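Please examine the sequence and the structure shown below. The paragraphs that follow lead through selected features of the model.

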Amino acid sequence: MEDPRRVFAEECRNDRELYPERRLNQTQLAKMARVSKSTISRVEAGTSPIPPELPALLDQVFKTDGKYKRLYADITAQSFAMHSRRRIELEPKALSITEWSPTVVPGLLQTPGYARAVLRGGNPRASEKELAEKVNSRIARQRILEGSAPPDFSVVLCESVIRRTVGGNEVMREQLAALLAQGSRPTIVLQVLPLDAGAHGLVDGSMSILTTTEGPPIAYAEGVRSGAVIEESAELRQLSWFYNVLTASALSRDASAQMIRKSMEAL
């Protein structure tokens, strides 16, 4: 299987050199794509992460009907662990996503600083380039929550998620502020499950359920170093019930926002 990052670089270089009527140099392409010449140079050399906004800009310049967006989606999926890739591939097609996160802010809601701290903690030997690429890929996923038709997104966080200071006070304040902003959007329901809520059916790990246009819903359960896609209808019904119990036990949207705000002010 071809490396999508290498293909992206080659396609960019080829399309630039074969541009109709005239061969573009990197400076000319950078001006048309509204980025720096050094960005184009690094992208074609494959030596740096691809800015999330660049694929759509290249598709506009070259009139390539989504080719660069598709390649970028392949690159993003490849940067995640194998057990996560099915979920990453389905996210852009989701009509609705429900998510329970007992330990960290979900990737779809993380700020770059928070994502970097989480990823660095999980891989202390990663190079700065590797870390930057992973952060970039994680933040790029969040584009599905933007635009004119985002999925309905319901998320329940354990109270410990907003109490645990990840990346230092400044990073955590920024993350909590982002949660408040995202939680105020009409397509997102964000709730906090208090620590005194007791045991429940999802106490063992994180879980999400995605509904797409391509078939029945699927669930994704994740542990520290493993994950599983669940498609069996009886298991899905049980997981959906467990999630409904969580939402009933969690604080309301307003009370959740108030708790997040107080945590932010305390930092």
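At what angle do helix H7 (residues 112-122) and helix H8 (residues 128-140) pack, and how far apart are their axes? In this predicted model, the angle between H7 and H8 is about 130°, and their axes lie 9 Å apart. Because angles of 65 to 115 degrees count as roughly perpendicular and those over 145 as roughly antiparallel, H7 and H8 are classed as oblique to each other. Their crossing is right-handed.

The residues that form this contact can be listed from both sides. H7 contributes Pro 112, Ala 115, Arg 116, Val 118, Leu 119 and Arg 120, and these meet Glu 128, Leu 131, Lys 134, Val 135, Arg 138 and Ile 139 of H8. Sorted by class, the contact of H7 with H8 comprises 7 nonpolar and 5 charged residues, with no polar residue.

The next element to consider is the sheet. An open sheet is formed by 6 strands, arranged in the order E3-E2-E1-E4-E5-E6, and its pairing is mixed. Strand E3 (188-193) and strand E6 (227-230) each have a single partner strand, so they stand at the edges and one side of each is left without a neighbour in the sheet. From one strand to the next, the twist averages 10°. In general, strands of a sheet pair through backbone hydrogen bonds, in either a parallel or an antiparallel manner.

Strand E1 (residues 94-101) and strand E2 (residues 152-158) run parallel and are joined by 6 bridges. Along this pairing, Glu 99 stands opposite Val 155 of E2, and Trp 100 stands opposite Val 156 of E2. E2 and E3 likewise run parallel, with 6 bridges joining them. Here Val 155 stands opposite Leu 190 in E3. How much of E2 is covered? The strand is mostly covered, with 6 of its 7 residues buried.

Ser 256, which has its place in helix H12 (residues 253-266), is in contact with Leu 190, Gln 191, Val 192 and Leu 251, leaving aside its neighbours within four places in sequence. Is Ser 256 buried or exposed? Its relative accessible area is 0%; because buried means under 20%, Ser 256 is buried.

Methods
Residues are numbered from 1 along each chain as its sequence is written. This is a predicted model: local features need pLDDT of at least 70, side-chain atom pairs count only at pLDDT 80 or more; totals for chains, interfaces and linings use all residues. Side-chain values use heavy atoms; hydrogens and water are left out. Two strands pair if DSSP finds at least two bridges between them. Helices (H or I, at least four residues) and strands (E, at least two) are DSSP runs, numbered from the N terminus. Axes are lines fitted to C-alpha atoms, for helices over the stretch in contact, and angles run from 0 to 180 degrees between N-to-C directions. Buried means under 20% relative accessible area, exposed over 50%, partly exposed in between (1.4 Å probe, protein chains only). Angles under 35 degrees count as roughly parallel, over 145 as roughly antiparallel, 65 to 115 as roughly perpendicular and the rest as oblique. A crossing is left-handed if the near helix is turned anticlockwise from the far one by less than a right angle, and right-handed if clockwise. Contact means heavy atoms within 4.5 Å. Ala, Val, Leu, Ile, Met, Phe, Trp, Tyr, Cys and Pro count as nonpolar, Asp, Glu, Lys and Arg as charged, and the others, Gly among them, as polar.
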